[in-house]
Amino acid sequence: MKKLIDLNADAGESFGRWRLGDDEHLLPLVSSVNVACGWHAGDPATMRRSVELARDAGIALGAHPGLPDLAGFGRRSMALSPADAADACLYQYGALRGFAEALDVPVVHVKPHGAFYGLTLREPEVADAIAQACAAVSPELIVVLLAGPTAERAAAAGVRVAREAFADLDYDDEGHIIIEPNPVAKDPAACAQRVVDILSGHVTAVSGKRVEVDADTICLHGDRPNAVEIARAIRERLAAEDVRVAPIAEVLAAR
């Protein structure tokens, strides 16, 4: 079983007076955060506050670009060409980077959100375009993609990639995640066991099929009603298993 892993959270997804998630208590429990950049969720004040929370928690900051779909929270399918996908990714990364530089916090990684993430799985050319666009910004910028063929293809092209698995999402027989339009509470102990399984090199699909997985980072979702409880259960289980949680770049350096 692996003894070093990054634990990341999708967060910063409030908008205006509408609050989503408990970022203040969630972020200290993870080692990397993916901050919404205003298209699927988030706004300037929320982005600034998210950067401050990441800085204060001492965790790695990443951009979480989504589709232009505030009403659907970026979880509804939308067609984008590879060029449009790359432009959307860079536009949102640039927005977060402005706040990050003002607060002297580096943007370490980029991870597409929701249906945008799903698009990278269905259309390899979109994943390639996003990965190459990020590499053009900086060879050190990490692109977070689903562990498996999508991530391996980008890595083979010379892009710095973090292979991701999910603590609180189910998998199909192809090793793809099943995105929930409206996340519900999950059993924290079951999510913690999923993390241990991932560290041991596999997940169990909803059909019962065992699917191999090699992950550098494991995600949980800040918009899940009991995200903080899930994160605490995961950290307690990892401590019991003598697994160290570290920021994404440190995990890649040790790979």
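A: In this predicted model, a polar atom of the Gln92 side chain lies 3.1 Å from the backbone oxygen of Ala88. Gln92 sits in helix H3, which covers residues 82–102. Is Gln92 buried or exposed? Gln92 counts as buried because its relative accessibility is 0%, and the cut-off for buried is under 20%.

Now the nonpolar packing. In soluble globular proteins, nonpolar side chains tend to be buried together. Here, the largest nonpolar core holds 75 residues. Leu26, Val33, Leu61, Leu96, Phe166, Ile234 and Leu238 have the most contacts inside that core. Take Leu26 as one of them. Setting aside neighbours within four places in sequence, Leu26 is in contact with Ala9, Leu220, Gly222, Ala227, Val228 and Ala231. There is also a second core, separate, with seven residues. Val108, Val144, Ala162 and Ile248 are among them.

Next, the empty space. A probe the size of a water molecule, rolled over the atoms, shows where such space is left. How many cavities of 30 Å³ or more are there? The count is one. The volume of the largest cavity is about 130 Å³. It is lined by 16 residues, and Asp10, Gly114, Leu169, Ile179 and His221 are the closest to its centre.

Then the open space. The largest pocket contains about 240 Å³ of space. Its lining is made up of 20 residues. Nearest the pocket centre are Leu146, Ala147, Gly148, Pro149 and Thr150. Which elements give two or more residues to this lining? They are helix H4 (114–122), helix H5 (124–137), helix H6 (149–156) and strand E8 (210–212). H6 gives the most, with four residues. By class, the pocket lining has ten nonpolar residues, five polar and five charged.

Back to the starting point. Gln92 is a buried residue of helix H3, and its side chain has a polar atom 3.1 Å from the backbone oxygen of Ala88.

Definitions and conventions. Residues are numbered from 1 along each chain as its sequence is written. This is a predicted model: local features need pLDDT of at least 70, side-chain atom pairs count only at pLDDT 80 or more; totals for chains, interfaces and linings use all residues. Side-chain values use heavy atoms; hydrogens and water are left out. On a 1 Å grid over the protein atoms alone, a cavity is a set of points where a 1.4 Å probe fits but cannot get out, and a pocket is an open set with protein on both sides within 12 Å along at least five of seven lines; lining residues have an atom within 4 Å of a point. Grid points are joined across faces, edges and corners, and a volume is the space filled by probe spheres set on the points. Ala, Val, Leu, Ile, Met, Phe, Trp, Tyr, Cys and Pro count as nonpolar, Asp, Glu, Lys and Arg as charged, and the others, Gly among them, as polar. A nonpolar core is a set of buried Ala, Val, Leu, Ile, Met, Phe, Trp, Tyr and Cys residues joined through side-chain atoms within 4.5 Å. Buried means under 20% relative accessible area, exposed over 50%, partly exposed in between (1.4 Å probe, protein chains only). Contact means heavy atoms within 4.5 Å. A polar contact is a pair of N or O atoms within 3.5 Å; within protein, one must be able to donate a hydrogen and the other to accept it, and residues adjacent in sequence count only if both atoms are side-chain atoms.
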